[in-house]
Amino acid sequence: MKSKIGATAVAICSYIVMGGFFAQNGVILDAAAAYFHAPVTTTAALFSYLTGGNLIGLIVCMVIFEVVPIRGVLALAYATLFAGVALLFATHDLRLGALAIGMCGFGAGVGLSTGAVIIAKCYAQRLRAIAFLGTDCTFSLAGYVFPALAASAIAAGWAWQSGYVAVAAFAALLLLTAVFITFPAVGRAARRTEERVLRAPLDGASTVGVALFAFGLAAYLCGQGAFLIWAPNELTTAFGMRPLDAAGIIGQFWGPSIFGLLTAALIVTRVAPRIVMTAAAASAVVSLLVIANAGDAHAFFAATFAFGFSSTCLFKLMISIGSEQIVDAPPQLVTFLLLSASVGGTIAPALSARFVAASGAHAGVVMAAGCYSLTLACILAALVVERTMRRPRQLPQAVG
């Protein structure tokens with residue numbers, strides 16, 4: 001039990017590392033542009049490399065757990081991260097800066113995937129859902145703490161990389177703690193045990209369930225990205241709001257999200273996670289339909305509050321339940337689900353831009369509603385498949 005608690009703590013803290021890096025973008029942008037002697041618009045492209053490094057890290061995690069144990073994967077992840085932060089201090093070249101930030105994204109992404117694998121290996125069903133919701137709570141907490149630290153450091157005249165150093169220091173403490181913790185087996189060592197449980201090959205139903213959850217996760221992050229990109233623009237064009245006031249819609253979404261996550265974690269202790277997941281998806285669709293048909297900015301903001309509160313728990317509930325589609329979920333399954341979601345988030349800007357270019361700013365919100373509707377459809381279909389798969393098969397009656 002002590003080993004499981006320690007491993008869980010490491011898993012949850014790996015999300016703090018990821019949140020710490022990704023939440024600082026807007027805070028450090030101007031200072032980073034001055035450091036690299038580049039325009040702000042050019043420097044902003046650095047953060048694409050942070051996302052790209054994360055995506056590469058998730059792809060690597062599809063295979064690395066076959067040959068490297070969890071402690072070794074964490075060491076590789078955070079060693080790459082430390083090297084990236086060090087390179088940021090050593091160069092003023094924007095191209096090397098892009099490489100350095102990509103290394104940070106890679107390390108954070110591999111660490112996050114490792115945390116998800118640990119949770120999937122340690123828990124099942126309701127406890128797995130609660131643990132995954134806990135990771136999002138710490139991710140949101142990191143999104144509040146580290147940008148504040150970075151802003152304070154820059155205001156005090158410290159280097160703009162100071163916020164990254166704070167995250168790296170936390171990762172170093174996490175890595176040191178991991179030395180004293182026993183982690184669940186993965187790869188060949190785990191497969192020897194799992195083969196005694198899974199004597200038959202995977203059937204088609206479980207494969208379809210995984211595919212539906214993967215597609216639903218991609219649609220979820222694509223819809224979320226489309227909303228966050230175009231909602232401020234919709235407020236300025238449809239309701240004549242000033243850009244600064246319209247930008248407040250982003251906070252209106254993320255502000256209630258942590259309370260929604262905590263509420264979902266409490267509800268899951270009493271209500272089946274599948275019911276909570278379905279209700280969250282349905283609530284998100286209803287909220288977005290209200291937003292898409294809002295007659296004024298007040299209704300738009302009120303519906304966005306409900307949208308943020310009810311929908312953010314959906315991501316980790318889908319990861320949790322999606323990873324249950326195969327007994328003793330292998331590391332590749334959890335990583336595949338995370339990768340599918342990342343692909344959806346990656347294509348959101350380009351895809352939504354095409355819709356908006358063709359139909360106007362309102363198309364971004366409509367696209368978001370369509371994506372969440374698709375997510376709900378995937379969830380319902382996956383639950384039907386799961387129910388069919390688990391239904392006991394009747395044996396043929398004997399004749400004569």
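Okay, let's start with R242, which comes out as exposed, at 56% relative accessibility. By exposed I mean over 50% relative accessible area, with buried being under 20% and partly exposed in between, using a 1.4 Å probe and protein chains only. R242 makes a salt bridge with D245, and their closest N and O atoms sit 3.0 Å apart. D245 itself is partly exposed, at 33% relative accessibility.

Before I go on, this is a predicted model, so local features need pLDDT of at least 70 and side-chain atom pairs count only at pLDDT 80 or more, while totals for chains, interfaces and linings use all residues. Residues are numbered from 1 along each chain as its sequence is written, and side-chain values use heavy atoms, with hydrogens and water left out.

Back to salt bridges. The rule is a side-chain nitrogen of Lys or Arg within 4 Å of a carboxyl oxygen of Asp or Glu, and it gives a count of 5 salt bridges. Take D136 and K316, whose closest N and O atoms are 2.8 Å apart. D136 is in helix α7 and K316 in helix α16, residues 313-322, so this pair ties together parts 180 residues apart in sequence. Helices here are DSSP runs of H or I, at least four residues, and strands are runs of E, at least two, numbered from the N terminus. Both partners are buried: D136 has a relative accessible area of 11%, and K316 has 2%.

Then there's R274 with E324, meeting at 2.9 Å, N to O. R274 is in helix α14 and E324 is in the loop between α16 and α17, 50 residues apart. E324 is buried, at 12% relative accessible area. Salt bridges with shared partners join R274, E324 and E386 into one network.

While we're on α14, that's residues 273-292, 20 residues in total, and it reaches 28 Å from first C-alpha to last. That is close to the expected 28 Å, where the expected span is 1.5 Å times one less than the number of residues. Its buried residues include R274, V276, M277, A280, A281 and A284. In general, an α-helix has 3.6 residues a turn, so residues three or four places apart point the same way.

Now, cysteines. How many disulfides does the structure hold? It's 0, with a disulfide taken as a pair of cysteine sulfur atoms within 2.5 Å. For C371, the nearest cysteine sulfur is that of C222, 4.1 Å away. C371 is buried, at 11% relative accessible area.

A few single residues to look at on screen. T335, in helix α17, residues 331-359, is buried at 0% relative accessibility. Leaving out residues up to four places away in sequence, T335 touches L58, C61, M62, F65, S113 and V117, where contact means heavy atoms within 4.5 Å. H37 sits in the loop between α2 and α3 and has a positive phi of about 55°, although it isn't a glycine. H37 is exposed, at 69% relative accessible area.

Last one: A31, in helix α2, is partly exposed, at 23%.
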